[in-house]
Amino acid sequence: MRLKPHVSSLALLTAVLATTLPAAAQQTTLDTLRITAAGLTPFEEQEIGRSYTVIDGDAIQLSGTAYVADVLRQVPGFAVSRGGSFGGLTDVRVRGAEANHVLVLIDGVPVNENSSGGFDFGRLAVANIERIEILRGPQSAFWGANAVAGVINIVTKSANSPGLSGSLAGELGSDGTKMTSGSLAYAQDNFASSGSLTFRNTDGFNVSTVGTELDAATHIDANARFSADITPHLKLDGTVRYGRVRADADDFGGGIMVDSPGKIEADEVFGGLGLSWVSEDGLWFQNARVSVGKIDRNSFDLTYDDINTSTRQKASYQIGRNFDTPGFMEAKHTVTIGYDLVHETFQRLNSPSIFDPSMLELKQRTTQSLIGEYRGTYYDQLYLTAAVRHDFNDNFADVTTYSASAAWQVPNTGTKLHASLGTGSANPTFFEQFGYIPGQFTPNPNLIPETSFGWDIGVEQALMDGVVVVDATYFNQTLENEIAELGFMPSTVVNQAGTSTRQGIEVSASVNVLNGLTIGASYTYLDAFDALGVREVRRPQHSGSINLAYKLEEIPLTLHGEVVFAGDATDTAKRVLPAYAVVNGGLNYQLSEQVEVYGRVQNLFDTKYQEVYGYNTQGRTFYAGARAKF
């Protein structure tokens with residue numbers, strides 16, 4: 001019953017979309033977009049044959065949400081599940097795959113945790129993000145292990161205008177929420193730098209279904225980046241990031257979620273340094289990059305304490321050549337070869353839960369990789385890409401992955417046909433191999449990597465001179481040696497025999513109207529089953545979103561709203577997560593060119609739902625804030 005008002009709101013927004021399309025027939029010119037995570041070198045969007053989504057900074061800011069996880073709910077093929085309050089573990093699953101099957105980069109630096117293999121989106125704020133680039137489907141040929149189902153590249157803001165600039169923002173809201181954010185940037189002819197700091201604290205809400213304890217959370221995000229032109233052909237760039245979360249957590253007792261004195265603490269530091277060179281004639285290029293990362297994670301609950309630290313060091317080198325064959329299909333070609341070296345470590349630190357000294361030993365593994373990539377443009381309308389990678393693993397068998405894609409921009413039709421296929425691999429997580437929970441979980445050091453093959457095919461159609469763009473894609477992916485949980489109290493993990501399957505359809509539509517109205521919609525149908533034919537947990541069969549924004553011409557006011565919906569899903573032990581729809585809305589008022597005030601409401605109809613069994617989600621909340629720039 002409680003879904004009825006939300007479903008009617010969804011229908012209303014759909015009707016608005018339908019009635020505004022005829023009025024949208026006006027020319028809209030979009031800037032050419034370059035995707036930095038699409039391969040060994042950046043791609044222009046029309047060249048990409050793989051499924052992709054780019055969310056720009058304006059869309060992120062307009063949504064008003066505080067966390068990247070909530071922005072990703074609008075992406076086709078994505079399922080987001082937050083376990084607990086805003087510091088709780090938040091997984092993102094792409095096309096029915098596991099959370100550790102998507103590689104996450106921040107300014108090109110890998111940030112997945114070695115312990116779990118995934119990235120915890122529960123601690124990442126949106127305040128200083130310039131855009132989010134998303135590629136769906138196997139990307140291991142370009143990025144190695146963990147890029148089985150896709151890549152999410154998060155790009156922080158850079159200095160875009162000469163001189164000194166900056167911003168300051170503040171927000172207050174329900175549940176004792178307070179947020180402060182500031183940034184500075186400086187640019188001149190051959191140098192640019194920027195940095196930001198965001199602090200957010202909330203008293204939280206009651207996560208458990210029993211008790212009244214509020215589960216608070218505190219987040220700090222800080223980052224800085226720079227770029228310098230050493231010569232007209234040689235460029236140096238660097239980035240550093242620090243993240244910190246302190247959050248309350250509850251625990252299961254007697255089969256239900258109950259209040260507990262549990263805590264989650266995480267500190268992360270990442271950095272990268274790159275050097276790029278292009279020859280004077282633009283034909284040859286080289287890139288060298290090193291990155292490092294360290295995550296300290298402490299989890300305390302009723303049954304055990306888990307304190308661990310993990311590190312990753314990566315070095316990469318690429319050299320490539322551009323050349324043309326005007327006599328053969330007016331073709332342009334780029335060939336790139338590269339080398340990657342990745343070293344990872346994981347170590348559990350002493351706690352009351354540790355009684356075997358061998359559990360405290362440092363675990364480590366190293367992978368060396370050789371990569372080759374070809375890109376070709378034919379008649380300025382057909383774009384082909386192929387890549388192959390061979391990983392030399394010191395702890396596992398070596399593995400070869402490949403990728404191929406094609407995009408055809410059909411002349412004078414607004415139609416783009418696209419298709420891709422590829423393979424992927426995902427190494428067992430360090431926790432699966434060496435973790436331990438007394439009486440609950442026993443590790444399996446004999447696990448082998450999961451392997452995957454996937455393909456997709458789709459069509460993108462632009463209508464009314466690009467005002468309306470619709471994309472529909474069918475995808476199919478199989479997974480072998482899936483790592484699955486076995487047994488109960490204690491459980492362990494094993495490689496399942498057989499093949500796990502994922503297939504579905506992704507549909508997205510966008511409308512960009514000059515008279516101030518913009519509309520976007522997405523829908524995903526997903527079938528995801530493990531090798532035993534059991535539907536995978538926390539992956540709804542139906543999901544999607546509708547969002548719209550309207551900028552009034554008479555006054556500098558923008559109204560915006562969104563509906564995020566998900567169908568029934570299952571959780572562990574065949575528990576059902578009922579379908580839900582959540583409505584959010586807000587307004588932004590421009591006091592001047594430099595100052596904006598805003599307000600928003602999350603979960604307008606106070607929908608009761610769960611994304612992880614036993615964990616409550618937040619009810620209706622209100623927020624208000626202001627942003628200023630100079």
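The residues that line the largest cavity of this protein divide into 9 nonpolar, 10 polar and 7 charged; here Ala, Val, Leu, Ile, Met, Phe, Trp, Tyr, Cys and Pro count as nonpolar, Asp, Glu, Lys and Arg as charged, and the others, Gly among them, as polar. The structure is a predicted model, in which local features need pLDDT of at least 70, side-chain atom pairs count only at pLDDT 80 or more, and totals for chains, interfaces and linings use all residues. Residues are numbered from 1 along each chain as its sequence is written, and side-chain values use heavy atoms, with hydrogens and water left out.

**Overall form**

The protein contains 5 helices and 35 strands (DSSP runs numbered from the N terminus, H or I of at least four residues for helices and E of at least two for strands). Along the principal axes, the C-alpha atoms fill a box of roughly 70 × 60 × 50 Å. Of the 630 residues, 53% are buried, meaning under 20% relative accessible area with a 1.4 Å probe and protein chains only.

**Cavities**

A search of the whole structure gives 9 cavities of 30 Å³ or more. A cavity is a set of points, on a 1 Å grid over the protein atoms alone, where a 1.4 Å probe fits but cannot get out; lining residues have an atom within 4 Å of a point. Grid points are joined across faces, edges and corners, and a volume is the space filled by probe spheres set on the points.

| Cavity | Volume |
|---|---|
| Largest cavity | about 420 Å³ |
| Second largest cavity | about 300 Å³ |

Of the 22 residues lining the second largest cavity, Trp143, Gly144, Ala145, Val342 and Glu344 are the closest to its centre. Strand E19 (363-378) gives the most to this lining of the second largest cavity, with 4 residues. In the largest cavity, E33 provides the largest share of the lining, 3 residues. Strand E12 is among the elements that each supply at least two residues to the lining of the largest cavity.

**Asparagine 201**

Strand E12 (residues 191-205) also holds asparagine 201. The side chain of asparagine 201 makes a polar contact with that of threonine 218 at 2.6 Å (a pair of N or O atoms within 3.5 Å, where within protein one must be able to donate a hydrogen and the other to accept it, and residues adjacent in sequence count only if both atoms are side-chain atoms).

Definitions and conventions: 1 Å grid on protein atoms, 1.4 Å probe; cavity = no way out; pocket = protein on both sides within 12 Å on 5 of 7 lines; lining within 4 Å. Buried < 20%, exposed > 50% of the residue type's maximum accessible area, 1.4 Å probe, protein only.
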